[in-house]
Amino acid sequence: MATEPEIIAERNGRLGVITLNRPKALNALSLGMVETLDQLLAEWERDDAIDAVLIMGAGGRAFCAGGDVRSVGTIKDPVARERLGRAFFRSEYTVNHRINRYKKPFIALVGGIVMGGGMGLSIHGRYRIVTETTVMAMPETVLGLFPDVGATWYLNRCPGRVGLYLAMTGTRLGPGDALWSGLATHYMPNAALDDLIGRLTDAPSLDPATIEAAIAANAGGAPSGYLATRQKGIEAAFAPDTVEGVIAALQSVLSAGGDQTDWRVDALAVLRRASPLSLRATWRRMHAGRGQSIERVLVDDYRMAVRMVTGHDFAEGVRSILVDKDNAPRWDPARLEDLPESAVDALLAPMPAGEDSRGLVAGDLTFD
């Protein structure tokens, strides 16, 4: 029995169409998938017969639920885990960078679940079209990781401190909030996607005006969200200078008689059950990374991600959330107050010679 390819590439007129094809795994990204994506996008960027690229997920349930962290986190040997992490993150972040700097229009149809690596494959592109089924999130702090794939770059472009709130808590967004926050550019019902692809396929050329006209012919008003009504409270709660200060601010409102169904209850619960290392790492990246280039952000993501997947908390998060599903991770250390800032310094230190020692060369991403 032939195995279906995990990446399906098609040429529809002057449109290159990429389908992530692991529907049973919610189109989670394997190393082979990101390597194929990088080669394909590079080839199509040079191909004069292709004017634009569209990416979508198979199966209807997800665009992409992220990187296949389970396959990495269940490797018992930390050395082997690090080896796969280096290969995976180098390829994944190279694809994120390529999409961010892509010279042709890049269109992502992001219906269903869009998390982690799926955000990196969509939000760096020019057109991000959400549907009524879209659920976006960066939930890494409860997995012993941090919002990577350039999240520091795009979450810091959300209004005010909303991006910081999303990074720290992994709050899930529907289509309305994805648009309001700037993470999506257009809303379109699922039923209209085939017509959009047909219009793009039939067009004799695909310049931005033609693409935007095809989108406009199918776009609609998104369902309302909740972020706008929360923003004032988010600004106040996430104004302190430390993670501990945010926790105290949230607790103060709730202790003063705040509604126990309030969004702060969920935010506080996540901050209390997340990995202390993940919280400190995410806090540092979101603050220090403001205004950084996408190249600088991705190099720092690489340093931090390789080291974190090798460590205790990532393996423990995968065990607790994805394998045993007991939701009772045993973090090390277990308390924020026992984790010094120097632990984050170590995560961000330059890699050994030969890994990313050449740094940034002429604005390009260089890991080794």
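Me: The model is predicted. Which residue in E7 does Ile-107 stand opposite?
Reply: This is a predicted model, and local features are taken where pLDDT is at least 70. Strand E5 covers residues 106–110 and strand E7 covers residues 127–130; the two run parallel and are joined by four bridges. Opposite Ile-107, on the E7 side, stands Tyr-127.

Me: In what order do the strands of the six-stranded open sheet lie?
Reply: E5 and E7 are a parallel pair, whereas E1 and E2 pair in the antiparallel sense. The pairing in this open sheet is accordingly described as mixed. Its six strands follow the order E1-E2-E3-E5-E7-E9.

Me: Why is one side of strand E1 and of strand E9 left without a neighbour in the sheet?
Reply: The sheet is open, and its order begins with E1 and ends with E9. Strand E1 (7–12) and strand E9 (186–187) therefore stand at the edges, and one side of each is left without a neighbour because each has a single partner strand.

Me: What is the bridge partner of Glu-10 in E2?
Reply: Six bridges hold E1 and E2 together in the antiparallel sense. The hairpin they form has two residues between the strands, and Gly-13 there takes a positive phi near 65°. For Glu-10, the partner in E2 is Val-17.

Me: At about what angle does helix H1 run to E1?
Reply: Helix H1 spans residues 31–46. It lies across E1, strand E2 (15–20), strand E3 (52–57) and E5. Its angle to E1 is about 20°.

Me: What is the order of the open sheet of three strands?
Reply: The edge strands are strand E4 (62–64) and strand E8 (135–137), each pairing on one side only. E4 pairs with E6 in the parallel sense over two bridges, and Ala-62 stands opposite Ile-113 in E6. From one strand to the next the twist averages 15°. With parallel pairing, the order is E4-E6-E8.

Me: How do the residues of the contact of H6 with H12 divide by class?
Reply: On the H6 side the contact has Tyr-165, Met-168 and Thr-169. These meet Trp-263, Ala-267, Val-270 and Leu-271 in H12. By class, the contact has no charged residues, one polar and six nonpolar.

Me: About how much space lies in the largest pocket?
Reply: The lining is made of 37 residues, and those closest to the centre are Ala-65, Met-115, Pro-139, Leu-143 and Leu-322. Elements giving two or more residues to the lining are helix H2 (69–73), helix H3 (78–100), strand E6 (113–115), helix H12 (263–273) and helix H15 (312–323). By class the lining has 20 nonpolar, eight polar and nine charged residues. The space in this pocket is about 960 Å³.

Me: About how much space lies in the largest cavity?
Reply: Across the whole structure, one cavity of 30 Å³ or more is found. Its lining consists of Met-119, Met-136, Ala-137, Met-138, Leu-155, Leu-166, Thr-171, Leu-173 and Leu-183. Eight of these are nonpolar, one is polar and none is charged. The space amounts to about 50 Å³.

Me: In which loop is Val-149 found?
Reply: Val-149 has a phi near 45°, a positive value in a residue other than glycine. The loop that holds Val-149 is the one between E8 and helix H5 (151–155).

Terms used
Residues are numbered from 1 along each chain as its sequence is written. This is a predicted model: local features need pLDDT of at least 70, side-chain atom pairs count only at pLDDT 80 or more; totals for chains, interfaces and linings use all residues. Side-chain values use heavy atoms; hydrogens and water are left out. On a 1 Å grid over the protein atoms alone, a cavity is a set of points where a 1.4 Å probe fits but cannot get out, and a pocket is an open set with protein on both sides within 12 Å along at least five of seven lines; lining residues have an atom within 4 Å of a point. Grid points are joined across faces, edges and corners, and a volume is the space filled by probe spheres set on the points. Ala, Val, Leu, Ile, Met, Phe, Trp, Tyr, Cys and Pro count as nonpolar, Asp, Glu, Lys and Arg as charged, and the others, Gly among them, as polar. Two strands pair if DSSP finds at least two bridges between them. Contact means heavy atoms within 4.5 Å. Axes are lines fitted to C-alpha atoms, for helices over the stretch in contact, and angles run from 0 to 180 degrees between N-to-C directions.
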